[in-house]
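Hi there,

Here is the structure I promised to pass on to you.

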Amino acid sequence: MNDASDHELMARYANGDADAFECLYHRHKGRLYGFLRQRIFDPQAADDVYQEVWAKVIRARRQYEPDAPFASWLFQIARNACIDHMRHGERRVTLVTDTGDSIDNASGATTPHESASALDTKAAIDAAIASLPDEQREAFLLHQVAGLSLPDIARVTGAKRETVKSRLRYALSRLRAALPNPHQQDVGT
Amino acid sequence: MSDLSDRELQMFLDNRGDLAEQLSANLSDAPQPSAALDRAILADARAEADRPARPRWWLPASVAATVVLAVGISHQVQRAGTSAVQSVAETDIVPDTTRLETAAPNTVSTVTSDRAAPPAPPVPRPSMADIPKIEVDTERRPERALGAKNEVQALARQVTEERERIAPSLPKLQAPETPPQEDSQSMETITVTGSRLAEHNTGLVFYDENTAADSARVPVEPVPGLASSMFPKASEPPFPDTESALTRIRFLIAQGRDEDARTLLRELFAHDGDLELPEDFPLSLSDLETAEAPEREPGTP
């Protein structure tokens with residue numbers, strides 16, 4: 001069953017095969033959860049949205065059309081759920097690090113570079129991602145975390161391919177500047 | 001912040017280069033959902049999988065059934081409203097059979113008391129037997145009101161045809177040599193009966209007896225021996241013989257119309273010189289003589 005494609009698993013689940021869904025779930029759960037945790041900084045809210053996204057997948061199993069990759073469809077549902085969540089609640093960009101420290105970027109008092117200097121590399125990268133404008137962060141996460149291609153990102157976000165490319169360019173530039181030793185990054189070599 | 005070149009961007013999109021590796025390494029150990037969350041989602045998925053699926057035709061069939069029901073109910077409501085209106089209309093328009101029978105001649109008899117007019121032959125009034133009897137089924141159901149309407153219209157046309165058929169005989173009743181009477185006081189006109197077909201604003205036809213007086217009036221030559229007062233008013237009963245005439249005189253006296261009573265009694269004596277009045281009759285021959293005597297003016301011989 002693990003060799004089956006996402007389409008086949010979804011079709012089998014639509015016919016009542018719960019094991020097919022379990023395989024599909026384990027295949028995509030890490031990327032989806034990581035995407036949501038980067039988009040919704042409240043862990044409890046991220047769990048709720050995560051469960052809501054899978055519930056929508058379950059309810060819509062018979063309406064699924066394999067005209068696009070399953071991951072594209074899945075993350076489109078996730079993106080809409082994030083938008084609904086942000087509409088209903090005040091968006092507060094708070095990053096809780098592994099050490100319990102938090103970086104509050106809502107006030108804008110801390111620049112990505114200043115935050116990165118105080119944290120280790122991972123926390124700095126997380127902080128840099130969190131400080132990105134929403135559209136750039138979304139495009140970056142859809143590529144880096146969800147693993148979607150440029151056309152799939154354009155399909156999920158409803159933007160043009162060149163627009164997505166431009167957002168990614170700006171996001172990478174900001175992230176490279178936020179890394180601990182940006183001048184030592186040998187991009188392209 | 002230095003700008004990213006197209007080459008660097010393309011390398012990142014291909015997951016090549018130090019930047020891509022550094023970002024991937026830090027994002028690869030992303031948090032995973034809890035086991036409880038996994039169990040809840042998988043249990044939900046299994047519960048949904050065990051639920052019997054509705055057939056594909058279920059949604060179109062339900063929509064079609066809803067549309068059919070909505071159309072049927074609206075049609076019924078519309079029909080009910082129309083039937084109520086037609087029921088009321090039918091109550092208003094269906095004519096009474098007896099009214100049709102009496103009103104069908106549509107004649108207005110005018111009796112002139114012009115003494116100078118020459119006697120005319122008896123007036124051949126159209127008998128009721130000549131008028132086709134029209135029967136209307138008033139027990140029809142309200143939903144048949146539309147048919148009743150058509151039937152009433154057909155009956156109205158039939159009555160109109162009868163009127164037209166009778167009409168040529170009516171002008172013969174009027175003496176062609178008689179010039180128009182300038183003095184209206186010399187003629188006494190009594191409307192006996194009449195009817196006119198009027199069209200209701202709803203397009204339905206009904207009989208309006210109140211407008212009968214507006215219909216064309218046909219003057220009738222006076223019948224010898226009959227005075228105008230012999231004809232009863234609309235609210236007074238007719239009398240064909242002497243006994244009835246006496247009864248009518250009593251009726252006029254009771255109403256305080258003594259002069260009319262005396263006139264009628266005088267005409268009755270003129271018609272039947274051997275008439276003997278009952279003892280309890282309120283008028284006598286002496287009353288007539290007293291009334292006929294002109295009053296003297298004071299001072300005249």
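Predicted model: local features only at pLDDT ≥ 70, side-chain atom pairs only at ≥ 80, totals over all residues.

Residues are numbered from 1 along each chain as its sequence is written, and chains are lettered from A and ligands numbered from 1 in the order in which they are written.

Let's start with chain A. It has 9 helices and 2 strands; helices (H or I, at least four residues) and strands (E, at least two) are DSSP runs, numbered from the N terminus. Read from the N terminus on, the order is α-α-α-α-β-β-α-α-α-α-α. Chain A has 189 residues, and 39% of them are buried. Buried here is a residue with 20 or more other C-beta atoms within 10 Å of its own, the C-beta atoms being placed from the backbone.

Chain B contains 9 helices and 4 strands, in the order α-α-α-α-α-β-α-β-β-β-α-α-α from the N terminus on. Of its 301 residues, 15% count as buried.

Next, the cores. A nonpolar core is a set of buried Ala, Val, Leu, Ile, Met, Phe, Trp, Tyr and Cys residues joined through C-beta atoms within 7 Å. The largest one has 55 residues, and A:Leu36, A:Phe75, A:Ala78 and A:Leu175 have the most contacts inside it. α2(A) provides the largest share of this core, 8 residues. Which residues does A:Leu36 touch, not counting those up to four places away in sequence? They are A:Ala46, A:Val49, A:Tyr50 and A:Ala78. A second, separate core has 6 residues, among them B:Ile249 and B:Leu264.

Finally, the two chains together. In chain A, 37 residues are in contact with 30 residues of chain B; two residues are in contact if their C-beta atoms, placed from the backbone, lie within 7 Å. On the side of chain A that touches chain B, α2 (18-39), α3 (43-59), α6 (121-130) and α9 (161-178) each supply at least two residues. The most comes from α2(A), with 9 residues.

Enjoy exploring it!

Best wishes

Definitions and conventions. Buried ≥ 20, exposed ≤ 12 C-beta atoms within 10 Å, placed from the backbone.
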